[in-house]
Amino acid sequence: MNFIMPMPAMGGGALCILALGWAGCGYSDFRLPELPPAEPQVRYEWEPRDTRVLPRGGPGDADSQDALNPSVVRRGAAYYNFYSGFNGHMWQTMLATSADGLAWKKEGVVLSPEPQAGEGGYIAANGSALFDEGEFLYWYQAGPKDTPRLGMARSRDGRHWRKARFPVMDYGPRGSWDERGLGDPYAIKLGRYFYLYYLGQDRARRQRLGVARSPDGEHWEKLRTNPILELGEYGSFDEMGLGEPAVWMAHGYYWMLYTGRDARQNRRLGMARSTDGVHWEKLPGVFQGGEPWDSQAICDPTVELLPDGGVTVWFGGGDAPSLDENLHGQIGVAVLHAKMR
């Protein structure tokens, strides 16, 4: 789990590269595909498993300090969990596999930052994976700690990766909502387009959520009217920052779980819904940790829709209210049960 660190407000700002042959980030107005008629009486109830399902590692391991930000993908009968491991100095993407989504076998580091590619040496993690047309696609956060951007890689087996030229999504222009950093990508594919929900940070250090779309996963156009989800009111659970969205479709709505950060750096999950994937309504209710291991933070959701309309949610949890690392992060699981009011 990585929220972008606060930065001093400065003049200037990197411009978005408009040539779509590289870090394409043109702008357009779009909506996600139309859904069946909505069922307005549907609500979700949160039922977490008490114990963690993927602990952080021991001394010397790549996830010795934190194991966070799961991105769980099913391929055939197996689950692949591309999660973020922090060793006190560097965030890397690690792989764990499972037959049931509960008992996980760690397989080690599969993606590390490459300074020579412009990614710096701090992070290549905090990502989102899909399995599409015979290969895994993975969008991740990389670059300097204070000013990250988004990269992308492909793999046939989930272990050996081919990176696209970095970055695949760049900062916005001067004065924009994402001119100081991008992170927390979450990808879905609908029809011919990939849609990427992500965090953007502006020069006032506000962290909000936006969306972009792409026909190939590498060349993106951002929604002209971003951001799509704003900070909460003073005193709310999300007054200091939004991040880590997870999006799915059910019951005629697009649904989103997202992490909110309060003034004490505690993290909890909120929920929003939308009929077009662009205009979102925050819903009442906040999900928070109830066990010692996730008492100060639950964050980083990734979801799988269940046949009965419920949702499995893997998430990060921690017992320290840290801004972006050293949460003693570990990974848990919950189910959102669909109920009629």
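Reader: How do β18 and β19 pair, and over how many bridges?
Author: In this predicted model, β18 and strand β19 (residues 281–282) are antiparallel and share two bridges. Strands are DSSP runs of E with at least two residues, numbered from the N terminus, and two strands pair if DSSP finds at least two bridges between them. Local features need pLDDT of at least 70, side-chain atom pairs count only at pLDDT 80 or more, and totals for chains, interfaces and linings use all residues. Residues are numbered from 1 along each chain as its sequence is written, and side-chain values use heavy atoms, with hydrogens and water left out.

Reader: Which residue in β19 is the bridge partner of R273?
Author: That partner is E281. Six residues lie between the strands of this hairpin, and G277 takes a positive phi near 80° there.

Reader: And which strands run antiparallel with eight bridges?
Author: Strand β17 (residues 253–261) is joined to β18 in that way. Y258 has G270 of β18 as its bridge partner.

Reader: Why is β18 described as largely enclosed?
Author: Seven of its eight residues (267–274) are buried, so the rest of the structure largely encloses β18. Buried means under 20% relative accessible area with a 1.4 Å probe, protein chains only.

Reader: Turning to Y44, M271 and R273, what do they line?
Author: They are among the residues lining the second largest pocket, as are W255 and R341. β2 (42–48) and β18 each give two or more residues to that lining, and β2 gives the most, with three.

Terms used:
Buried < 20%, exposed > 50% of the residue type's maximum accessible area, 1.4 Å probe, protein only. Helix = DSSP H or I, 4+ residues; strand = E, 2+ residues; numbered from the N terminus. 1 Å grid on protein atoms, 1.4 Å probe; cavity = no way out; pocket = protein on both sides within 12 Å on 5 of 7 lines; lining within 4 Å.
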